[in-house]
Amino acid sequence: PIATTTASIKLNQLGFLPASDKVAVVPASPAMVFSVVNATNGTVVWHGVLGTPAHWAPSGEMVSLADFSGLTAPGDYQIKVDGLAASTRFTIGTDVYRAVSAAALKGFYFNRAGTALLAQHAGAYARAAGHPDTQVLVHRSAASAARPEGTVIASPKGWYDAGDYNKYMVNSGIATYTLLAAYEHFPAYFQAQQVNIPESGNGIPDILNEALWNLEWMLSMQDPNDGGVYHKLTNKTFDPMVMPDQATSARYVVQKTTAATLDFAAVMASASRVLRPYQDKLPGLSARMLAAAKMAWAWAQAHPDEVYRQPADIVTGEYGDATLDDEFMWAAAELYISTADDSFYLAMKPGGVSATVPAWDDVGSLAWISLAHHRYHLSPIADRALIANRIMTLGDALLAARKNSAYAVAMRQADFVWGSNAVALNQAIMLLQAYRLGGQRAYLDAAQSAFDYVLGRNATGYSFVTGYGSPSPQHPHHRPSQADHVTAPVPGFLVGGPQPGQQDKQECAQAYPSNLAARSYLDQVCSYASNEIAINWNAPLVYVAAALASWPQV
Ligand code: G3I
Ligand code: 9MR
């Protein structure tokens with residue numbers, strides 16, 4: 001049955017760049033036309049015909065598209081359709097994504113472990129330092145001859161993974177890489193961006209300053225005795241909903257795994273390349289990272305199937321993954337690009353891994369992204385046609401999905417998993433790679449649609465970034481947002497978004513508003529399955545906002 005909703009007109013609540021594709025989703029109604037009006041004086045500036053109503057399975061709605069891409073004049077507007085409430089106000093302008101782009105990066109600063117956030121950087125969200133992680137215990141699962149159970153190591157800094165206060169290597173891998181790739185692809189954009197963090201103005205772009213905070217932690221997670229990397233640094237159980245300095249449980253490093261070690265190798269190889277131009281400010285670091293990456297690679301060769309097994313006394317996030325071809329390929333690809341050593345190209349076994357939408361447990365496309373970006377500088381062994389083909393094949397599949405979608409987004413029913421909002425943005429990242437390779441405008445427009453989706457053009461009507469748009473999440477599953485005494489949540493965080501699993505429903509007093517995939521979202525602090533925040537979800541927001549704002553230099 002098709003659900004009836006008191007649905008509203010949905011669109012990117014922040015607005016649009018003058019030249020971008022501009023689409024709103026309108027609930028099906030007898031109306032056949034729409035208008036765009038000047039939000040200040042009501043003057044009609046655009047008339048359009050609504051698209052044919054169509055059914056969107058993930059939300060059970062009948063909707064039409066309102067395309068006003070031809071409206072390019074900067075200003076503040078609203079969309080009007082007879083019989084419906086006017087849309088939220090939105091802006092057309094060259095600067096519309098500047099603030100959300102900066103806030104998304106600043107979100108990483110707000111989630112820094114092991115440091116106080118000072119009022120001069122954090123404003124009302126200033127807080128004391130928590131989790132110094134200078135005395136971390138080696139858990140039984142990670143014990144070795146050189147570091148027996150109970151050995152104390154230091155593993156400070158890094159970002160809290162999400163709404164919890166643990167630090168997980170696998171998820172750090174994709175999140176940190178995505179920031180490094182954003183810089184590698186759009187250096188001019190980020191060289192001009194300062195987000196008021198303690199390092200701002202030190203001659204290193206802030207996106208790299210922020211990435212360094214986590215890279216330093218990652219380096220400390222490698223056992224120097226053998227090159228293996230711990231899967232996570234964690235409490236035994238999740239901290240209560242308190243500020244970081246109130247959470248003082250013992251911390252452990254747990255089991256070295258192949259996935260963690262390969263993700264580490266990939267990120268360190270990439271970082272050694274991206275940071276090389278800053279050698280005068282970071283003496284020795286680039287070389288140290290590359291050496292660490294090679295040592296990790298060697299460990300993974302010797303331990304190719306150390307899959308994470310959650311110890312009985314640990315209940316925090318698992319990030320377990322038993323399919324490791326993609327991790328091997330990604331690490332080999334980054335090592336190949338950074339060393340030009342053909343043996344790493346051969347180790348990629350590139351014929352075997354297709355391009356898929358990236359996720360923490362699906363990193364093969366991170367290899368394709370880096371290979372495509374560096375395609376003119378690879379050694380002769382590289383198969384450039386294969387690299388382009390992998391990305392274009394995925395880009396075309398996403399375009400086809402979008403074409404068949406009543407919302408004109410590539411998100412299908414199966415994409416509504418835990419962290420679905422990041423699926424949309426990682427789809428956008430892959431569409432942007434196709435655009436950067438082929439130049440066809442349709443890929444860029446589809447990426448814009450995915451960005452619009454998380455900022456309001458979705459079946460819930462929420463803009464899913466805290467502090468941006470209205471409604472936006474007020475009660476994210478994020479311990480500092482809940483435990484500080486500020487009403488508004490810490491800004492700049494993308495919440496996980498709708499998905500029908502509702503794994504938290506026993507803990508939520510309030511029922512989800514719907515069981516339908518695209519509407520199964522609850523803006524309550526209890527809802528870790530739909531309303532948590534996470535570093536691997538914010539990183540593609542940073543990437544996509546910068547890519548779109550860099551147009552036409554994408
Ligand atoms: O792998 C299966 C797949 O075979 C199956 O078809 C599919 C059907 O639902 O499920 C897949 O497993 C999912 C798994 O993620 C891999 O994607 C699980 O259902 C799903 O529950 C699981 O969600 C993960 C969640 O932790 C619970 O483990 C999220 O991806 C992951 O982002 C999230 O991460 C948490 C950390 O554990 C702790 N810190 C917060 C962070 C964000 O919520
Ligand atoms: O806060 C935890 C969150 O970061 C995780 O994503 C989630 C799933 O692993 O678990 C949350 O912790 C909850 C725990 O699983 C069950 N008891 C309530 C906890 C939330 O306070």
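Colleague: Which residues are around ligand 2?

Modeller: In this predicted model, the residues around ligand 2 are Asp 164, Phe 238, Trp 418, His 477, Arg 479, Glu 507, Tyr 528 and Glu 532. Each counts as near because one of its heavy atoms lies within 4 Å of the ligand.

Colleague: What makes the pair formed by Arg 479 and ligand 2 a polar contact?

Modeller: A polar side-chain atom of Arg 479 lies 3.0 Å from an oxygen atom of ligand 2. The limit for such a pair of N or O atoms is 3.5 Å, so the pair qualifies. Glu 507 meets the limit as well, with a side-chain N or O atom 2.9 Å from a nitrogen atom of ligand 2. For Glu 532, the distance from a side-chain N or O atom to an oxygen atom of ligand 2 is 2.6 Å. Of the 450 Å² of accessible area that ligand 2 has on its own, the protein covers 64%.

Colleague: What is the space taken by ligand 2?

Modeller: That space is the largest pocket.

Colleague: How are the residues of the shell around ligand 2 divided?

Modeller: The shell has three nonpolar, one polar and four charged residues. Asp 164, Arg 479, Glu 507 and Glu 532 are the charged ones, because Asp, Glu, Lys and Arg count as charged.

Colleague: Which residues surround ligand 1?

Modeller: Ligand 1 is surrounded by Asp 161, Ala 162, Asp 164, Tyr 168, Gly 317, Tyr 319, Trp 360, Asp 361, Trp 418, Gln 503, Glu 532 and Trp 537. This shell divides into six nonpolar, two polar and four charged residues.

Note on methods: Residues numbered from 1 in each chain as written. Chains lettered and ligands numbered in written order. Predicted model: local features only at pLDDT ≥ 70, side-chain atom pairs only at ≥ 80, totals over all residues. Heavy atoms only, no water. Polar contact = N/O pair within 3.5 Å; in protein donor to acceptor, adjacent residues only side chain to side chain. Areas by Shrake-Rupley, 256 points an atom, 1.4 Å probe, with all protein chains shown as cover. 1 Å grid on protein atoms, 1.4 Å probe; cavity = no way out; pocket = protein on both sides within 12 Å on 5 of 7 lines; lining within 4 Å. Sits in = over half its atoms within 2 Å of the grid points.
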